[in-house]
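Hi,

Here is the structure I promised to pass on. Have a look, and my notes on what turned up follow below.

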Amino acid sequence: MGKVDVCIIAEEIAYGLPALIPFLEIAQLYTYVIKLGGTEEQKKRFLTRLAGGEIGCYALTDEGPGSDPVSMKSTASQKDSEFVINGKKRLITFADMADLFALFAREDSGDKSISCFIVEKDTPGLKFDKHCQLSGLRGHRAYDLKLENLHVPLENRIGSRGDGLRLALQVLNNTRISLAFGYVGLSRAALDAAIKHAKTRVIAGNTISKNQGISFPIAEIATEIDAARLLAYRAAVLSEREANHRKHTSMAKMFAGEVLIKAVTLANRVLGGYGSDMEWTVERYVRDAFAWIAAQGTPEVQKLIISREVIGK
Ligand SMILES: Cc1cc2nc3c(=O)[nH]c(=O)nc-3n(C[C@H](O)[C@H](O)[C@H](O)COP(=O)(O)OP(=O)(O)OC[C@H]3O[C@@H](n4cnc5c(N)ncnc54)[C@H](O)[C@@H]3O)c2cc1C
């Protein structure tokens, strides 16, 4: 499938249940690591296994701030014919069911020292520290990991020493596009719920949709959702053409994320007390949106990328 196809699917899955999106997202995150950074031999070893039903995951976020991977503390020391990896990873989606981990660690000090390694699930020392309990995306699973003297063969490093950070950012630059489409899908679901309620809820003889205090915010969000989708399409098309799309991707992810928070907030308010009623879906939309917004880089991190692109460093 092309990028646009994947994005259309992401939007529709998220409309129904965003907790299912990681099945698409995590597969892409792992795959892009090998696709963009691996040798032909590594592609054969680590990609073909996915076609056989195995699962890969992406372990970048460290115990330090996820927004600043440069400050990563996990280390990889070369000892004879292997690397020995130690550290901690946070919020790693599907770590419990993954067969292969694209795992990032620092080879020595300095910004350019982060490398990426493929780690097999049964490697001794790869331990689950905690199942992260998120308020939203309840069907999605993320874990904190402890890395205690993981022995990883030299040939499992993807790229050269210090290529990891560039690779991690290149991967995210591709996967953030479908995430933006996911945000559009959930925004649409929230908007539809708000419209349905506004058209049926009668107060003082009129449906509340007749009030401009309700209908104008709906009109604004409907417009912003379309704008977010168009931004995301632009990034997807540029990605398919293999053109530079860093700014476009971050614009789409940032804008779609902001629209999502506005859309679920609007739905919550239009529904009044039902907006927080556990028997109605809108309260889930709110929880899912807030749990989802930081994944693959917060809106502020996208603004950092956009400002560097438009202003320069
Ligand atoms: C559902 C979910 C799934 C995830 N799955 C994975 C996964 O599979 N693999 C993985 O590696 N990680 C995963 N993550 C982690 C995710 O990438 C991080 O949560 C994210 O990068 C933010 O890092 P943080 O949580 O440490 O926040 P922090 O980096 O501590 O940020 C805290 C706040 O500071 C703000 N901030 C940071 N820098 C600046 C700045 N320069 N200017 C202004 N504000 C700033 C941020 O925007 C944020 O609001 C997942 C997260 C979630 C929520």
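Let's start with alanine 267: apart from neighbours within four places in sequence, its contacts are Ala190, Ala193, Ala194, Gly275, Val282 and Tyr285 (a contact means C-beta atoms, placed from the backbone, within 7 Å). Before you dig in, note that this is a predicted model, where local features need pLDDT of at least 70, side-chain atom pairs count only at pLDDT 80 or more, and totals for chains, interfaces and linings use all residues. Numbering runs from 1 along each chain as its sequence is written.

Next, the cores. A nonpolar core here is a set of buried Ala, Val, Leu, Ile, Met, Phe, Trp, Tyr and Cys residues joined through C-beta atoms within 7 Å; buried means 20 or more other C-beta atoms within 10 Å of a residue's own, exposed 12 or fewer, and partly exposed in between. The largest one has 49 residues, and Ala267 is among the members that touch the most others, along with Ala180, Ala190, Ala228, Ala232, Ala256 and Ala263. Two or more residues each come from helix 1 (3-16), helix 4 (164-200), helix 5 (212-240), helix 6 (246-270) and helix 7 (282-292) (helices are DSSP runs of H or I, at least four residues, numbered from the N terminus). Helix 4 has the largest share, 13 residues. Both domain 1 (18-160) and domain 2 (166-311) supply at least three residues to this core, the bounds being from an automatic or database domain assignment. There is also a second, separate core of 43 residues, including Val33, Leu126, Val152 and Leu172.

How far apart are the C-alpha centres of domain 1 and domain 2? They lie 28 Å apart. The contact between them takes 21 residues from domain 1 and 18 residues from domain 2. On the domain 1 side, helix 2 (residues 22-37) gives the most, with 8 residues.

Last, the helix 6 and helix 8 (residues 299-311) pair: their axes come within 9 Å and cross at roughly 145° (axes are lines fitted to C-alpha atoms over the stretch in contact, with angles from 0 to 180 degrees between N-to-C directions). Residues making this contact include Arg246, Ser250 and Met254 of helix 6, and Gln302, Ile305 and Ile306 of helix 8. Isoleucine 305 sits in helix 8 and counts as buried because 21 other C-beta atoms lie within 10 Å. Beyond its neighbours within four places in sequence, isoleucine 305 is in contact with Arg246 and Ser250.

Cheers

Definitions and conventions. Two residues are in contact if their C-beta atoms, placed from the backbone, lie within 7 Å.
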